[in-house]
Amino acid sequence: MSAKKQKSAFQFTTGVVLYPLIGVLTLWLVFWFELKFGYNFTPYGVLPRDLKGLLGIIFSPFIHSNLSHLWHNSVPVLVLMAGLIYFYKPVAVRVLFWVVIGSGLGTWLIGREAYHIGASGVVYGLASFLFFKGIWSKHYRLTAFSLIVVFLYGSLIWGTMPIRDGMSWEGHLSGFLTGLVLAFVIKSKIAKPIKYVWETEAYNPEDDPFLQQFDKDGNFIDPPLEEEDDEDRLT
């Protein structure tokens, strides 16, 4: 990949900030609507192994039980969606779609008999995808961002275990596994590591002007003295 193409793989656009903001704003608007008009959207969450509960796969990420629940999901959604759009723009929509479907369907299959709500499954899916894809890509920028994800949200891994009552660890686990699978499956349109000339198959060390300045033992060879022209010899 040329330097020009490599540079164009990461471009900051208004969508990097705008789309995550719209997503988070939608979560807050749904929560505000519930409080303002006295609605309870919890029955629209994922209800495991119930056909009506399948609707929750789409609706549950927008429903939150309280302000604390909403707040703790809003910041990660904002950060992780922005990272997804910036570093993986060609596949961002596809990744987000399958994270929502995978985390919701997994919850429907393995979850306890209760309504599962919140964007936590999406958060776990995005964090998992960004981490594993960045590590496997071997691209220094993607790897660096995956380490940032670990630094910020590495403790999320404990949420995939049944360590606290009332927490949908099944949704967290489903999101985490979905992100892991997507990181392995999605390979096209991902920025590739920069390859220098000496890393290509066509590279021949004997034709390298720099290496020609050294002998087989690695010793520097003094360049030959330039011959004086006829005019210099006559003066």
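Select His64 and Asn73 to begin: their side chains are joined by a polar contact of 3.2 Å. The model is a predicted one.

A polar atom of the His64 side chain lies 3.3 Å from the backbone nitrogen of Ala119.

Where does His64 sit in the chain? Show the helices: His64 belongs to the loop between helix 3 (56–59) and helix 4 (67–87). Is His64 buried or exposed? Its relative accessible area is 3%, and because the limit for buried is under 20%, His64 counts as buried.

Next, select what surrounds it. Neighbours within four places in sequence aside, His64 is in contact with Leu27, Phe31, Glu34, His69, Leu70, Asn73, Ile117, Gly118 and Ala119.

**The largest pocket**

Colour the lining by helix. Helix 4, helix 5 (92–110), helix 6 (120–137) and helix 8 (169–185) each give at least two residues to the lining of the largest pocket. Helix 4 has the largest share of that lining, with seven residues. Colour the lining by residue type instead, and it divides into 19 nonpolar, 17 polar and two charged residues.

**The second largest pocket**

Move to the second largest pocket, with a volume of about 330 Å³. Select Pro61, Phe62, Leu96, Val100 and Val122, which are the closest to its centre among the 18 residues that line the second largest pocket. Helix 2 (14–37), helix 4, helix 5 and helix 6 are the elements that supply two or more residues to this lining. By type, the lining of the second largest pocket holds 16 nonpolar residues, two polar and no charged.

**The whole chain**

Zoom out and show the chain as a cartoon. There are nine helices and zero strands. Of its 235 residues, 38% count as buried. Among contacts between residues at least 6 apart in sequence, 75% join residues at least 24 apart.

Finish with the surface. The accessible surface of the chain is about 15,300 Å², and carbon and sulfur atoms account for 66% of it.

How values were computed. Residues numbered from 1 in each chain as written. Predicted model: local features only at pLDDT ≥ 70, side-chain atom pairs only at ≥ 80, totals over all residues. Heavy atoms only, no water. Helix = DSSP H or I, 4+ residues; strand = E, 2+ residues; numbered from the N terminus. Buried < 20%, exposed > 50% of the residue type's maximum accessible area, 1.4 Å probe, protein only. Polar contact = N/O pair within 3.5 Å; in protein donor to acceptor, adjacent residues only side chain to side chain. Contact = heavy atoms within 4.5 Å. Areas by Shrake-Rupley, 256 points an atom, 1.4 Å probe, with all protein chains shown as cover. Nonpolar A, V, L, I, M, F, W, Y, C, P; charged D, E, K, R; others polar. 1 Å grid on protein atoms, 1.4 Å probe; cavity = no way out; pocket = protein on both sides within 12 Å on 5 of 7 lines; lining within 4 Å. Points joined across faces, edges and corners; volume = space filled by probe spheres on them.
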